[in-house]
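Trainee: I have a structure to go through and would like to learn how to read it. Can we take it one question at a time?

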Amino acid sequence: MQADLILRRANLPNGARGVDMLIADGLIQVVGPQIEAEGRKEIDATDCLVTAPFVDCHFHMDATLSLGLPRLNRSGTLLEGITLWGELKPLLTADAVIERAMAYCDMAVAQGIQAIRSHVDICDDRLLGVEALLDVKARVAPYLDLQLVAFPQDGFYRAPKARENLLRALDLGVEVVGGIPHFERTMDEGRRSVVELCAIAAERGLMVDMHCDETDDPLSRHIETLAAETLKHGLEGRVAGSHLTSMHSMDAYYVSKLIPLIAEAEVAAIANPLVNMVIQGRHDRYPKRRGLTRIPELMDAGVVTAFGHDCVMDPWYNLGSGDMLDVAHMAVHAAQMTSRDDLHRCFAAITSEPARILGLEGYGVEPGCDANLVVLDAADPIEAIRLKAARLHVVRWGSVVATAPPRTARLDLEGRPAEIGFRARR
Ligand code: FE2
């Protein structure tokens, strides 16, 4: 077989070491030791982890890279972020949204991301963000899978035309139903929004991904309704609860009933560690709560659990660089997941688990999978998280679409090496 590309002596996320990978026709054809063939192109991946791409299952691409427009978020809270976004929305133009989104996608691909689920605000009656991101989705399709969620940022019931706009967005091709029950005027309206939005998804055969309980209020329990409605409509495996930060503050007895319900309904959990570590707990003095859902407990219960980047340089978060290893690194610390098993689970939470949530087909590093890969300057998933390792090669359908040098530093110290790297010594 004529190989378009062969990766030599790679390590894989499952612990396999020193294997070759033969790629032809955009697919991984053979994985095994010392493949006897010559590729049109060969990459020496000795002692490097080769993984399927990073997947960001929670992002806001209509707002990305808008930091400072029209002003900065002074309090750092979610609510000021929403207010600020409301000030920016009428000033947006389609060209500017497209230009920023395309620039972010460049950054994301260079960081090894090849699939993003982005929420898009449908509360602007022009649906400017929707049309801009549908345009971006088509433009980036050769190198990035962009999945869009119709997101009623200002509240499904609070924003006068949200229902009408959401349905229009779905008609235009947005493929996931979003929601924000904790931002509705009352708990009851929040609950009813979940009920109505799940019914819309069931009727149209769509997936659901709701911003759910992104608050420190332990009585914000819309995830319970989301799980129950999932069961009622037979939507198991097609629904995700994003953020779920109120679970951090909930009573242990209630959680002991809630997590099995989430597992029974096969509702996935999406934590956003970078953003929620800075947005949550802002009303606390000391001790200050960590704004993260119960990640290891959800994983232990068999709930598909993944991490999203959520924001990069926008009204809610002024940092970020499209680096899912940065996201996992924060999760490891904030959720205290430092055991070797937990570190591997955190790596899965930015690769295989979000791929399941998005329903990506052909994802993986086995024969028959799409030849979408990242070669990392790290020997294994743990070293990848520790170093936020350089993405040496990003491969899409068998072609290299981005490269970066390994991270090294030059030293000028008497009696010490002239150049060092940061990998573990073996
Ligand atoms: Fe979000």
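Trainee: Is His243 buried or exposed?
Mentor: Keep in mind that this is a predicted model. His243 sits in strand β11, residues 239-243. Its relative accessible area is 1%. The limit for buried is under 20%, so His243 is buried.

Trainee: What is the phi of His243?
Mentor: Most residues other than glycine have a negative phi. His243 is not a glycine, yet its phi is positive. The value is about 80°.

Trainee: Which loop holds Leu127, and what is its phi?
Mentor: Leu127 lies in the loop between β7 (113-121) and α3 (128-140). At 0% relative accessibility, Leu127 counts as buried. Leu127 is not a glycine, but its phi is positive, at about 50°.

Trainee: Which peptide bond has omega near -5°?
Mentor: Most peptide bonds are trans. This one is cis, and its proline, Pro287, lies in the loop between α8 (273-279) and α9 (295-300). The bond runs from Tyr286 to Pro287.

Trainee: What is omega for the bond that joins Leu69 and Pro70?
Mentor: Pro70 is found in the loop between β6 and α1. The bond joining Leu69 and Pro70 is cis. Its omega is about -15°.

Trainee: Which residues coordinate the iron ion?
Mentor: Look for the donor atoms at 2.1 to 2.5 Å. In sequence the spacing is H-x1-H-x150-H-x98-D.

Trainee: Why is the arrangement around the iron ion called irregular?
Mentor: Check the angles that the four donor atoms subtend: they run from 84 to 171°. A tetrahedral site needs all angles between 85 and 135 degrees. The angles here make the arrangement irregular.

Trainee: How many residues apart are His58 and Asp310?
Mentor: His58 is in strand β6, residues 54-59. Asp310 is in the loop between β13 (305-307) and α10 (324-334). Both residues are buried. The pair links distant parts of the chain, and the separation is 252 residues.

Trainee: Is Thr64 buried or exposed?
Mentor: Thr64 is in the loop between β6 and α1 (78-88). Leaving out residues up to four places away in sequence, Thr64 touches Phe59, Arg100, Ala101, Tyr104, Val312, Met313 and Asp314. Its relative accessibility is 1%, so Thr64 counts as buried.

Trainee: What is the relative accessible area of Lys89?
Mentor: Find Lys89 in the loop between α1 and α2. Beyond four places in sequence, the residues Lys89 touches are Asp121, Cys123, Asp124, Arg126 and Asp154. Lys89 is buried, with a relative accessible area of 7%.

Trainee: How far apart are the C-alpha atoms of Thr83 and Met61?
Mentor: Thr83 is in helix α1. Thr83 is partly exposed, at a relative accessible area of 45%. Along the chain, Thr83 and Met61 are 22 residues apart. Their C-alpha atoms are separated by 18 Å.

Trainee: Which residues does Met61 contact beyond four places in sequence?
Mentor: Set aside its neighbours within four places. What remains is Ala101, Tyr104, Cys105, Ile116, Ser118, His119, Leu133, Val136 and Leu146.

Trainee: What area is buried between domain 1 and domain 2?
Mentor: Domain 1 covers 3-52 + 364-410, and domain 2 covers 54-358. Their centres, taken over C-alpha atoms, are 30 Å apart. The contact takes 22 residues from domain 1 and 24 residues from domain 2. Carbon and sulfur atoms give 63% of the buried area, which is about 1800 Å².

Notes:
Residues numbered from 1 in each chain as written. Predicted model: local features only at pLDDT ≥ 70, side-chain atom pairs only at ≥ 80, totals over all residues. Heavy atoms only, no water. Donors = N, O, S within 2.8 Å, 3.2 Å for Na, K, Ca; no water. Tetrahedral: all angles 85-135°; square planar, octahedral: opposite > 155°, others 65-115°. Helix = DSSP H or I, 4+ residues; strand = E, 2+ residues; numbered from the N terminus. Buried < 20%, exposed > 50% of the residue type's maximum accessible area, 1.4 Å probe, protein only. Contact = heavy atoms within 4.5 Å. Domains from an automatic or database assignment. Buried area = accessible area lost by both parts, 1.4 Å probe.
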